[in-house]
Amino acid sequence: MARELWKGNEAIAEAAIRAGLEAYFGYPITPQTELLEYMSARMPALGRVFLQAESEVASINMVYGAASGGARAMSSSSSPGISLMQEGLSYIAGSEIPAVLVDIMRGGPGLGNIQPSQADYFQMTRSAGHGDFHPIVLAPSTVQEAVDIMYDAFPLAEKYRTIVIVAADGSLGQMMEPAEMPPMRSVLTEAERGAWAVRGAAGRPKNVITSLFLNEQELETLNLRLQEKLKTIQMNEQRWEEVETEDARYLLVAYGTVGRTCKTTLREARKQGHKVGLFRPISLWPFPTPRLRELADQVRAVLVVEMSAGQMLDDVRLAVEGRCPVEFYGRMGGVMPLPDEILEALAEVEAKVKAEVEAKVKAKVDTKVLSLNLNL
Amino acid sequence: MADRNEITQEMVLEQGNVVYQRPEALAETLTHYCPGCTHGIIHRLIAEAIDELGIREKTILVAPVGCAVLIYNYFDVDAVEAAHGRAPAMATGLKRTQPDKVVLTYQGDGDLAAIGTAEILHAANRGENISVFFVNNAVYGMTSGQMAPTTLPGQVTTSTPTGRDVKVHGYPMRMAEIIAGLPGACYVARRAVYDVRTVRQARKAVMTALKTQLAGLGLSMVEFLSSCPTNWHMTPVDALTWIKDNMAPYFPLGDYKVADEVQALQ
Ligand SMILES: Cc1ncc(C[n+]2csc(CCOP(=O)(O)OP(=O)(O)O)c2C)c(N)n1
């Protein structure tokens with residue numbers, strides 16, 4: 001199929017449909033609404049389910065219901081709506097139902113604004129709901145990547161019986177750029193649906209989908225199994241992109257559209273002769289910790305750039321574990337960091353590192369002088 | 001005549017003299033319900049109707065959060081456990097993707113009339129083709145007897161120790177009447193199960209609700225006035241009398257909506 005000009009939100013919707021989406025439930029919220037509107041026309045035309053719910057609370061529970069029946073079901077929203085979905089996400093996680101959610105992030109907290117933001121990082125990777133679980137969180141940086149990630153989200157969710165969140169900021173939802181659509185898949189056949197799916201106990205023992213385990217041993221056993229599954233996901237599903245890291249002395253770490261902005265910064269820095277590399281996590285959970293740790297041994301400092309007060313920053317620090325300094329540059333409230341600002345922040349980091357190195361060298365020299373004096 | 005003790009189950013079955021047995025749609029297990037609680041009767045009525053209509057293998061039951069949270073253990077049908085109040089939303093997801101199945105929700109008054117008010121009203125308003133069994137026992141049973149949206153004025157509960165003051169807590173909500181006002185609701189009835197007559201009437205209403213769904217007409221709901229001897233601090237018999245004397249006057253039994261198409265089914 002040829003490359004066509006697509007708006008991010010609509011491209012994600014079309015990719016989901018081509019992935020065999022059977023039911024979409026959602027509630028309008030900027031900057032995600034085009035996704036819902038696109039679904040409202042396309043899904044019924046294909047004989048599939050579209051329903052505008054009364055709230056995000058209802059949407060996610062409709063997804064929970066449809067997905068409990070083994071259907072490929074999804075919702076999409078933006079930050080305040082995701083907050084409302086946390087209850088449903090926790091139930092979906094507890095009963096191990098595969099489901100897909102798109103978060104087109106906007107500025108917060110509260111009603112915030114409708115400008116791009118990355119301040120849902122904690123919510124998606126750490127606290128998507130009560131209890132011990134993590135959804136798989138994938139962050140595209142281009143419309144094409146959003147399409148590719150969306151297309152694979154259902155098989156991924158089904159493989160692990162888990163939630164997959166496609167996490168993009170408002171700018172990616174709104175921007176238009178060329179993308180190539182994957183081929184159309186039909187919805188799952190009866191044979192392809194999980195044997196656990198609730199579809200009527202015809203000629204088999206009943207299936208029950210629940211997240212209730214009153215016996216504490218039983219619930220701990222479930223939790224241990226969930227943790228094992230999360231470990232497997234951590235081993236198998238780390239994704240990232242590296243740009244010019246081979247000889248890098250300074251490493252930018254950024255995801256989503258900010259990762260893209262950092263590429264511009266990187267090119268400029270390289271032009272000016274600085275050995276800068278970029279590490280762009282694509283899977284925010286599982287975070288690509290091992291590779292970033294290796295790179296931390298090689299570079300002088302890491303600069304994390306986010307549209308938040310520094311949320312992924314925690315994961316970077318956990319990965320780097322003090323191997324090198326970790327600095328941060330962030331914008332909030334819907335302000336997008338510009339390549340020049342990042343370049344400046346990078347220059348400051350370099351200056352700081354150099355000053356520290358010089359101070360250390362000087363300290364060594366001073367010590368030598370001091371010991372010489374003492375020898376006299 | 002054979003000694004009474006010698007009559008075995010096999011003999012009865014052989015003679016075709018069975019007048020009462022466990023419906024196929026009920027699982028062979030004990031329930032956790034308190035003595036005298038009428039959840040058991042309501043379960044049985046629904047199970048009997050499922051058997052009679054021959055729909056056990058295509059029924060999907062959505063369990064609530066409340067005393068009936070373990071209902072999926074008591075029915076031998078496919079089931080899901082919803083979050084508190086969200087059963088109608090989950091049922092919507094199930095029914096929209098599997099329109100050939102029979103989707104039921106079973107909900108308490110806290111579940112349906114407090115935390116899940118938005119979900120039930122909108123499911124009814126959309127005419128979601130599901131059947132809702134709403135068990136109104138005037139308290140939060142599972143959490144040990146706090147005020148419910150249906151608690152009667154002056155009724156003492158663990159969170160209205162001096163009785164429900166309507167100036168503070170508002171009035172008991174008549175959900176059957178409210179839902180009947182929505183065009184998408186096709187069959188809405190309130191029943192009780194405090195004596196043989198009311199049980200029989202309730203059974204008919206359950207059948208009508210399921211037939212409404214099978215005919216694809218829209219949302220059907222049966223509200224049951226149900227007892228909670230434990231949290232009402234009454235004997236089971238007193239609790240049944242209390243329903244008749246106190247609940248039924250505030251929540252009158254009857255049909256609140258019978259769409260013409262539903263009328264035609266009966
Ligand atoms: C979100 C949430 N809030 C509160 C609870 C605690 N809770 C469990 S059951 C219940 C009340 C149930 O009352 P009702 O729906 O009337 O059913 P009953 O137990 O009387 O059958 C409450 C408040 C919960 N499980 N989830």
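Helices (H or I, at least four residues) and strands (E, at least two) are DSSP runs, numbered from the N terminus. The model is predicted: local features need pLDDT of at least 70, side-chain atom pairs count only at pLDDT 80 or more, and totals for chains, interfaces and linings use all residues. Residues are numbered from 1 along each chain as its sequence is written, chains are lettered from A and ligands numbered from 1 in the order in which they are written, and side-chain values use heavy atoms, with hydrogens and water left out.

**View 1. Cis peptide bonds in two loops of chain A.** The peptide bond from A:T30 to A:P31 is cis, with omega near 5 degrees. A:P31 sits in the loop between β2 and α2 (33–45) of chain A. A:P286 belongs to the loop between β13 (283–285) and α10 (289–298) of chain A.

**View 2. A positive phi at A:E244.** This residue is not a glycine, yet its phi is positive, about 50 degrees. A:E244 lies in the loop between β10 (240–243) and β11 (250–253) of chain A.

**View 3. An aromatic pair in chain A.** A:Y24 and A:F50 are stacked, 5.9 Å centre to centre, with 0 degrees between the planes. Rings of Phe, Tyr and Trp (its six-membered ring) pair if their centres lie within 6.5 Å; planes under 30 degrees apart count as stacked, over 60 as edge-to-face and the rest as tilted. The pair links distant parts of the chain, 26 residues apart: A:Y24 in strand β2 (residues 23–26) and A:F50 in strand β3 (residues 49–52). The whole structure holds eight aromatic pairs over all chains.

**View 4. The contact of chain B with chain A.** Contact (heavy atoms within 4.5 Å) takes in 36 residues of chain B and 34 residues of chain A. The two chains bury about 2600 Å² between them, 58% of it on carbon and sulfur atoms. Buried area is the accessible area (1.4 Å probe) that two parts lose on being put together, summed over both. Across the interface, 16 residue pairs are in polar contact, both residues at pLDDT 80 or more. A polar contact is a pair of N or O atoms within 3.5 Å; within protein, one must be able to donate a hydrogen and the other to accept it, and residues adjacent in sequence count only if both atoms are side-chain atoms. On the chain B side, α4(B) gives the largest share, seven residues.

**View 5. Salt bridges between the chains.** Chain B and chain A share three salt bridges; the count over all chains is 44. The rule asks for a side-chain nitrogen of Lys or Arg within 4 Å of a carboxyl oxygen of Asp or Glu. B:D78 bridges to A:R204, with the closest N and O atoms 2.6 Å apart. B:R86 bridges to A:E87 at 2.8 Å between the closest N and O atoms. B:R86 lies in the loop between β2 and α4 of chain B and A:E87 in helix α4 (residues 79–94) of chain A, so this pair joins two chains.

View 6. The open sheet has eight strands in the order β9(A)-β2(B)-β1(B)-β3(B)-β4(B)-β8(B)-β7(B)-β9(B), with mixed pairing. Strands pair if DSSP finds at least two bridges between them. The edge strands, β9 of chain A and β9 (254–258) of chain B, each pair on one side only. Two bridges join β9 (residues 208–209) of chain A to β2(B), in parallel. There, A:V208 stands opposite B:A79. Four bridges join β1(B) to β2(B), also parallel, and B:I60 has B:D78 as its bridge partner in β2(B).
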